Protein chains: 2
Amino acid sequence: MNGGEDLEQTGNSLLRGVFAAALTPMGGDLDPDHAAFVAHCRRLLDAGCHGLGVFGTTGEANSLSVQARLSALEALVEGGVPGESLLPGTGSCVLEDAARLSRAALEVGSAGVLILPPFYYKDVSEEGVFRFFADLIEWIGDRRLRVYLYHFPQMTGVGFGLPLIGRLLETYPGVVVGMKDSAGDWERIEAVCREFPGFSVFAGTERYLLDTLRHGGAGCISATVNVTSRLARRVYDSHEAGQDDEARELQEHLTVLRTEIEAFPPIPALKRIMAHLTEADGWRNLRPPLVGLEDGQAERLLDRLPLSDLL
Amino acid sequence: MNGGEDLEQTGNSLLRGVFAAALTPMGGDLDPDHAAFVAHCRRLLDAGCHGLGVFGTTGEANSLSVQARLSALEALVEGGVPGESLLPGTGSCVLEDAARLSRAALEVGSAGVLILPPFYYKDVSEEGVFRFFADLIEWIGDRRLRVYLYHFPQMTGVGFGLPLIGRLLETYPGVVVGMKDSAGDWERIEAVCREFPGFSVFAGTERYLLDTLRHGGAGCISATVNVTSRLARRVYDSHEAGQDDEARELQEHLTVLRTEIEAFPPIPALKRIMAHLTEADGWRNLRPPLVGLEDGQAERLLDRLPLSDLL
């Protein structure tokens, strides 16, 4: 368990800002459509995203084979998406697979990896999740590794409690450096920011973007940022410039937009919006068990949104 | 969606009886120990198991890479475990991986495959789970395929409700043929037996072995059968011979044994018992997030069990 010491390094390049949890466009065969994926990621960076949380929940990564994830990552970088803008999800229930995906992320120059806890077994002990991460960090064995913990208990059934976060930080300082908190619970995000100063905390929703920044957090990594990135970036920039009133006003507008989209199943809704905005029907493809919106839902969604404000 | 018709066949070779949800012994590197696995499976068949539910929850299959699962399956058959005695778990959140694992099971002559629903996303629609199975069955595209649905909502968060079972049975008659029900709810098992006569229902615990057989079900596929197979088989045989009093008495004894083991985390407890019975320390290895029993727990467990009755 001395991996922390071996792996510790002094450089500080913690991620910060507005990140889209990028959608993965799929072809008719349900394989990732590399060209559309590259185009989408470049568009998000152009629209103001500081970085991209690719291969997360929104990216349907757990419905993709390891090989498909590796090929799509490579395609992004070959297509001109800077590796250092990527925070790839590399979690898996399988240690070897998580290690392989993480190594590939390091090879393309990613500034960090976002790792789920193993999510099949439930009611597991803190010790069990700790050992998974300890084994994983030591198997990856790369000094460049920066781990962001991916807390999403509604999906995984397995969370990162504060004692576990503390233990990982203490054992792997400079390696375990941050977290995406998708539990949707502001009080928890606040508690993590307070308890672990310097830990790079991203809210899993842009609803808490401004609050997170004000409490010393890093920003947000959010599904809906696939279509709200311009506005989310303005919130961030106003906050950084100390324009508090403007930041608050923009955040209110952003929260309304988020709320409108959240009224629908988010991944199908976001893909439906992208199909509309880009006029590319491929965006309607989803891997089961996700399914597209029904026509009536899609009409209501598109009617309610200020489409010209999006993306 | 006409895969059912294309794939339907007339032969009837439904599985029935006492199945162990076989443990997977791991080496010190956490890879499956093939020799120990072969020996364990052969021992279980010798002890009276009709078949083996390998690569299930108890087998830590979701903590193993696809390649590790394929290699271990091959090793079993090469080691003399009859392919037709195996009901391998071939589920995955990834359609391609589930298809690949299922094809491999068919190649070694398995009489069926036990398939989890995709288990990452929660709150998914019945339509989404249906489409996963529809795509999977059509991608496998093999007339020999016999699917047993693996219902374990405590782990997956995604279950097979009766309407979904009915829809799968109607669409894929002769292909979707049975279920392992690990919800631990006798009333649900009874309802499934009643609602779908001819559907091959296995209880996920030998606690309900006799009741399941009496209600027209197929038997049990259970973790604890790794160490209770001789006794479980006697329950089955007594029931088949119409010796109701004896069957009931044996079942009571079996239920007591199950209850003793269930008081501990089951997979670590079963591996600890195997380490004791075989005097092979490798049995103590578990893949994280599972961890071994603490010494005090192990002592209490071994003290309470009638070890000479086991296996």
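Two residues are in contact if their C-beta atoms, placed from the backbone, lie within 7 Å. The structure discussed here is a predicted model.

Q: How many residues does the contact take from chain A and from chain B?
A: The contact between the two chains draws on residues of both. Chain A contributes 28 residues, and chain B contributes 28 residues.

Q: Which helix gives the most to the side of chain A that touches chain B?
A: Helix H4 (95-107), helix H5 (126-140) and helix H6 (153-156) of chain A each supply at least two residues of that side. Among the residues of this side, 15 are nonpolar, 7 polar and 6 charged. The helix that gives the most, with 6 residues, is H5(A).

Q: What is H4(A) to H5(A), given how their axes cross?
A: The axes of H4(A) and H5(A) come within 9 Å and cross at roughly 45 degrees. Angles under 35 degrees count as roughly parallel and those from 65 to 115 as roughly perpendicular. The crossing at roughly 45 degrees therefore makes H4(A) to H5(A) oblique.

Q: How do the residues of the contact of H4(A) with H5(A) divide into nonpolar, polar and charged?
A: From H4(A), the contact uses Leu95(A), Ala98(A), Ala99(A), Ser102(A) and Arg103(A). From H5(A), it uses Phe132(A), Asp135(A), Leu136(A), Trp139(A) and Ile140(A). The crossing of these two helices is right-handed. The contact residues divide into 7 nonpolar, 1 polar and 2 charged.

Q: Which strands of chain A are the edge strands?
A: Chain A has an open sheet of 7 strands with parallel pairing, in the order S2-S1-S7-S6-S5-S4-S3. An edge strand pairs on one side only. In chain A the edge strands are strand S2 (51-52) and strand S3 (113-115).

Q: Which residue in S7(A) is the bridge partner of Phe202(A)?
A: Strand S6 (residues 200-203) and strand S7 (residues 219-222) of chain A run parallel and are joined by 2 bridges. In S7(A), the partner of Phe202(A) is Gly219(A).

Q: Why is one side of strand S2 (51-52) and of strand S3 (113-115) of chain B left without a neighbour in the sheet?
A: The open sheet of chain B has 7 strands in the order S2-S1-S7-S6-S5-S4-S3, with parallel pairing. Strands S2 and S3 of chain B stand at the edges of this sheet, so each has a single partner strand.

Q: Which residue of S7(B) is the bridge partner of Gly17(B)?
A: Strand S1 (residues 17-20) of chain B runs parallel to S7(B), and 4 bridges join them. Strand S6 (residues 200-203) of chain B also pairs with S7(B) in the parallel sense, over 2 bridges, and there Phe202(B) stands opposite Gly219(B). For Gly17(B), the bridge partner in S7(B) is Gly219(B).

Q: Which residues of strand S7 (residues 219-222) of chain B are buried?
A: In a regular strand the side chains alternate between the two faces of the sheet. Both faces of S7(B) are covered. The buried residues are Gly219(B) and Ile221(B) on one side, and on the other Cys220(B) and Ser222(B).

Q: Are H10(B) and H11(B) roughly parallel or roughly antiparallel to each other?
A: Helix H10 (residues 225-240) and helix H11 (residues 244-262) of chain B have axes 8 Å apart and pack at an angle of about 155 degrees. H10(B) passes H11(B) in a left-handed crossing. Angles over 145 degrees count as roughly antiparallel. H10(B) and H11(B) are therefore roughly antiparallel.

Q: Does Thr90(B) count as buried or exposed?
A: Thr90(B) is placed in the loop between helix H3 (66-78) and helix H4 (95-107) of chain B. Beyond its neighbours within four places in sequence, its contacts include Ala98(B), Leu101(B) and Val113(B). A residue is buried if 20 or more other C-beta atoms lie within 10 Å of its own. With 31 C-beta neighbours inside 10 Å, Thr90(B) therefore counts as buried.

Technical notes: Residues are numbered from 1 along each chain as its sequence is written. Chains are lettered from A and ligands numbered from 1 in the order in which they are written. This is a predicted model: local features need pLDDT of at least 70, side-chain atom pairs count only at pLDDT 80 or more; totals for chains, interfaces and linings use all residues. Ala, Val, Leu, Ile, Met, Phe, Trp, Tyr, Cys and Pro count as nonpolar, Asp, Glu, Lys and Arg as charged, and the others, Gly among them, as polar. Two strands pair if DSSP finds at least two bridges between them. Axes are lines fitted to C-alpha atoms, for helices over the stretch in contact, and angles run from 0 to 180 degrees between N-to-C directions. A crossing is left-handed if the near helix is turned anticlockwise from the far one by less than a right angle, and right-handed if clockwise. A residue is buried if 20 or more other C-beta atoms lie within 10 Å of its own, exposed if 12 or fewer, and partly exposed in between; C-beta atoms are placed from the backbone.
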